[in-house]
Amino acid sequence: LLLAILRRLGVRHEFWIDAIFDVHPMGVESVAWVTERKNVQAMLFALLAIRCFLPIAMEEQGSGAAAWVKSFAFFIGALLSKTTAVFVAPCLVLMLLWRRRGIDVALVARLAPFFVTGAALGLFTASLEKTHVGAVGSDFAISPLDRLQLSGMIAVFYLKSFVMPIEQIFIYPRFTPDSADLVRWIPTLALAGMLGCATWWWRRSRAPLLIMLWGGAALFPALGFFDVWPFRFSYVADHFAYAAMPCLATALVASIASIPAAARGGGRIGIPVGLCTIFVLVLLSIRAIPKYESEEPLWLDTLERNPAAWIAANNLSTIRLSQAAQRLEQGRREDALILARQALDYATRAGELKPDEFTNAFNRSEAHRLLGAREASLEEIERAAKLAPELFDVQWTRGRALAAVDRLDEASSAFRRAIGLARTPSESLSAHRELMRVAVRQGNLDEAIHACEQIVALTPDDAETLANLGSFLGAAGRKEEGRRKLLRAV
């Protein structure tokens with residue numbers, strides 16, 4: 001699709017532009033890591049939308065309502081795949097400018113729905129990032145000036161990474177913007193200077209300014225002006241730049257074609273140079289693939305290449321805890337203890353890098369529990385509860401840790417709070433079960449009966465719970481009720 005569009009637009013060196021886009025290692029993350037496949041899907045629909053709009057841009061006969069409807073339908077598909085596809089709307093305008101076509105009222109009417117729909121869904125996504133995903137808090141407290149400075153740093157990072165794709169890291173080191181630091185303004189000022197030069201050059205050649213505007217449109221959602229959850233870990237990621245890769249490839253090829261040796265050859269890209277470039281990019285892409293085989297190699301590679309990536313250490317801790325639990329189920333206690341110690345080491349490292357993150361303390365608590373250190377487990381979950389008091393998992397785990405050290409009244413309170421925070425029937429069921437066990441240990445039959453009745457309401461055909469309820473009722477002197485429950489259990 002990209003090749004067909006570039007050819008229809010009369011863009012030179014279209015084969016090499018397309019080839020670089022196909023094999024560049026910056027695209028590996030979007031293709032090989034399943035949660036980023038939405039980039040590939042969005043790009044497919046985006047290119048289809050642009051391709052269907054081409055007859056309108058080129059004023060071909062029969063380029064009427066049918067072409068527009070197809071283009072707009074594919075644009076909606078791109079937005080529903082990933083709203084970073086908003087770049088399609090400005091790209092249509094840039095395409096018209098490249099074709100030197102004037103924009104009249106009829107064209108404005110055709111373009112307006114693209115801009116309105118794109119802006120609406122883009123702002124909706126930005127709202128969801130804050131209200132549902134959780135892109136709020138100190139990690140996102142960035143001043144407008146810092147964001148402007150950050151945009152230049154991010155854009156230059158992608159330019160550098162595309163030209164010299166030596167190393168791909170799933171989570172790159174996080175930038176630290178500081179509007180008072182003049183040195184950190186250099187990328188932003190340099191880009192502003194390039195934009196000014198490209199504007200001045202417009203009458204001689206439209207290409208420099210159009211390429212810059214194209215790149216700006218494709219990268220704009222990821223330049224730091226809108227908060228997204230991954231900014232907690234890093235302001236840059238290869239998948240953020242996927243939409244800009246065709247533009248970056250165009251800029252790279254145009255730059256190579258403009259060097260004196262190429263200029264003497266009529267601006268053609270030599271086949272040996274092109275093939276060598278593609279060969280190197282293929283090798284770099286092959287090298288980048290293995291870490292995406294599963295979560296564990298991905299996080300191990302990330303931590304090795306970026307030792308400050310606390311989320312990598314945290315996730316490795318979670319993986320080790322899951323593996324330890326599986327070994328315990330298999331009766332392999334020694335293996336489970338080894339994995340629990342590794343989990344504790346990773347969680348401790350994550351805590352040193354990010355002290356205010358509750359999941360690090362949560363994982364340390366679970367590791368201590370598996371290692372039999374009950375007091376240490378309680379201490380860590382109390383730390384997590386101070387950081388995230390309104391999470392079900394935290395309160396449930398806190399109740400279990402309190403019960404383990406025989407602080408049963410406090411454990412009951414924690415489980416009741418967990419019940420109030422439960423988001424699903426499964427969570428509610430789990431908390432009621434623990435509350436019932438604590439009540440039995442306390443000898444509080446009324447509490448045990450109430451909790452057991454709640455469990456029965458959630459799982460009316462669970463024979464074991466019915467039997468428990470029958471036993472509790474019998475012990476409380478309500479023998480006939482207990483007998484009926486026991487018969488039901490049988």
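Ser-151 counts as buried because its relative accessibility is 9%, where buried means under 20% relative accessible area, exposed over 50% and partly exposed in between (1.4 Å probe, protein chains only). Keep in mind that this is a predicted model: local features need pLDDT of at least 70, side-chain atom pairs count only at pLDDT 80 or more, and totals for chains, interfaces and linings use all residues. Residues are numbered from 1 along each chain as its sequence is written, and side-chain values use heavy atoms, with hydrogens and water left out.

So where does Ser-151 sit? Its place is in helix H8, residues 144-163. Helices here are DSSP runs of H or I with at least four residues, strands are runs of E with at least two, and both are numbered from the N terminus. Set aside the neighbours within four places in sequence, and Ser-151 is in contact with Leu-223 and Phe-225 (contact means heavy atoms within 4.5 Å). Ser-151 and Leu-223 are 72 residues apart in sequence, yet their C-alpha atoms are 4.7 Å apart in space.

Now zoom out to the protein. Its secondary structure comes to 24 helices and 0 strands. Of its 490 residues, 48% count as buried. Among contacts with a separation of 6 or more, 66% come from residues 24 or more positions apart.

As for the overall outline, the C-alpha atoms fill a box of roughly 100 × 50 × 45 Å along the principal axes. The radius of gyration is 29 Å, while a compact globule of 490 residues would have one near 23 Å; that radius is taken over C-alpha atoms, and the globule rule is 2.2 Å times the number of residues to the power 0.38.
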